[in-house]
Amino acid sequence: MRSKLSNLFLVWALLVLSGCGGGGGGSSSSSSTYTASPSVFINSSTVGLTLGYLRQMFFDGTYLYVSSSLDAAQTTSLGGAIYKFNTSGAYVSTVSSSIKWPFSVAVYNSNVFAVATDTGGSGSTGLINMTSSTTPVVTALSSPYGVGIDSTNARVYVSDVGGGTYANSVVVYSIGSYGSPLTFVSIGSSPSGIAFDSTLGYVYVTRQSATSAGGL
């Protein structure tokens, strides 16, 4: 496990950890302009729409994608969505509003991936390519939560906080090939948020039960 994390990642990890378990969208502070703090930006009055209960987010260098649930308890309510914002803090679009339990989001080649539950009848929770469908492309995981993208090697990482074969692991798939994972790595109790560092080739993972961030 690598422990060298930047200050920026530590801030991001704390935001992820504070959003797990059905929080109310971070701190109550607000600002009339976009700032470097995602928590202030998300709660800003300039957003102009109700975001619900915020989960995880992803910045692709141009846009910020935020996963938002309609209800804090994550029971049966629909209306979960992935929201897209530009760097000025302006709302751009809603990627989808036909999912429930959206926990995390990541983007690869304009394809928006999310871990959520589809509403097409099966009620399966898994990895969804939101750009093409709301039906999960990966359903083999017991309780998937976080998603991260290795853009260098075209791989997608999904954390599984449940039981079963991949309990408390990060599972790796080739993007576009989801029949069997390439590999999986046991992390420890409840791995959640995932971030990929393309410069160093590291994958960073946070754990819901941990008080600090850990690296994979």
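# Close-up views of the predicted model

**View 1. Ser67 is tucked away, buried at a relative accessible area of 0%.** Buried here means under 20% relative accessible area, exposed means over 50%, and partly exposed is whatever falls in between (1.4 Å probe, protein chains only). This is a predicted model, so local features need pLDDT of at least 70 and side-chain atom pairs count only at pLDDT 80 or more, while totals for chains, interfaces and linings use all residues. Residues are numbered from 1 along each chain as its sequence is written, and side-chain values use heavy atoms, leaving out hydrogens and water. Ser67 sits in strand β2 (residues 63–69); strands (E, at least two residues) and helices (H or I, at least four) are DSSP runs, numbered from the N terminus. Its side chain gets to the backbone oxygen of Gln56 at 2.8 Å. That is a polar contact, meaning a pair of N or O atoms within 3.5 Å; within protein, one must be able to donate a hydrogen and the other to accept it, and residues adjacent in sequence count only if both atoms are side-chain atoms. Leaving aside residues up to four places away in sequence, Ser67 touches several residues, including Tyr53, Leu54, Ala81, Ile82, Pro102 and Phe103, where a contact means heavy atoms within 4.5 Å.

**View 2. Six aromatic pairs turn up in a search of the whole structure.** The rings of Tyr202 and Tyr204 have centres 6.1 Å apart and planes at 90 degrees, so this pair is edge-to-face. For the bookkeeping, rings of Phe, Tyr and Trp (its six-membered ring) pair if their centres lie within 6.5 Å; planes under 30 degrees apart are stacked, over 60 edge-to-face, and the rest tilted. Tyr204 is buried, at 9% relative accessible area. Elsewhere, Tyr83, Phe85 and Tyr91 make up one aromatic cluster.

**View 3. Two lysines, Lys84 and Lys100, are placed over aromatic rings.** The charged end of Lys84 sits over the ring of Tyr63, 4.2 Å from its centre. Lys100 lies over the face of Trp101, at 5.5 Å from the ring centre. The test for a charge over a ring is NZ of Lys or CZ of Arg within 6 Å of the ring centre and within 35 degrees of the ring normal.

View 4. Most residues other than glycine have a negative phi. Trp101 belongs to strand β4 (residues 91–108) and is partly exposed at 24% relative accessibility. Ala154 is in the loop between β7 (144–150) and β8 (155–160), and at 23% relative accessibility Ala154 is partly exposed too.

**View 5. Phe196 comes from strand β11 (residues 191–197), and Val203 from strand β12 (residues 202–207).** Phe196 is partly exposed at 21% relative accessibility, whereas Val203 is buried at 6%. Phe196 touches Val203, and its other partners beyond four places in sequence include Ile149, Asp150, Gly201 and Tyr202. Phe196 and Val147 are 49 residues apart along the chain, with their C-alpha atoms separated by 10.0 Å. For Val203 and Tyr157, 46 residues apart along the chain, the C-alpha separation is 8.9 Å.

**View 6. Ser143 lies in the loop between β6 (125–129) and β7.** At 28% relative accessibility, Ser143 is partly exposed. Not counting residues up to four places away in sequence, Ser143 touches Ser159, Asp160, Val161 and Gly162. Ser143 and Ser190 are 47 residues apart in sequence, and 9.8 Å apart in space from C-alpha to C-alpha.

**View 7. The whole protein has two helices and 13 strands.** Of its 216 residues, 44% count as buried. Its accessible surface is about 9,700 Å², with 49% belonging to carbon and sulfur atoms; these areas come from the Shrake-Rupley method with a 1.4 Å probe, and for residues only the protein chains shown count as cover. The mean pLDDT (the predictor's confidence in each residue, from 0 to 100) is 73, and 66% of the residues reach 70 or more. Where pLDDT is low, the predicted coordinates should not be read in detail.
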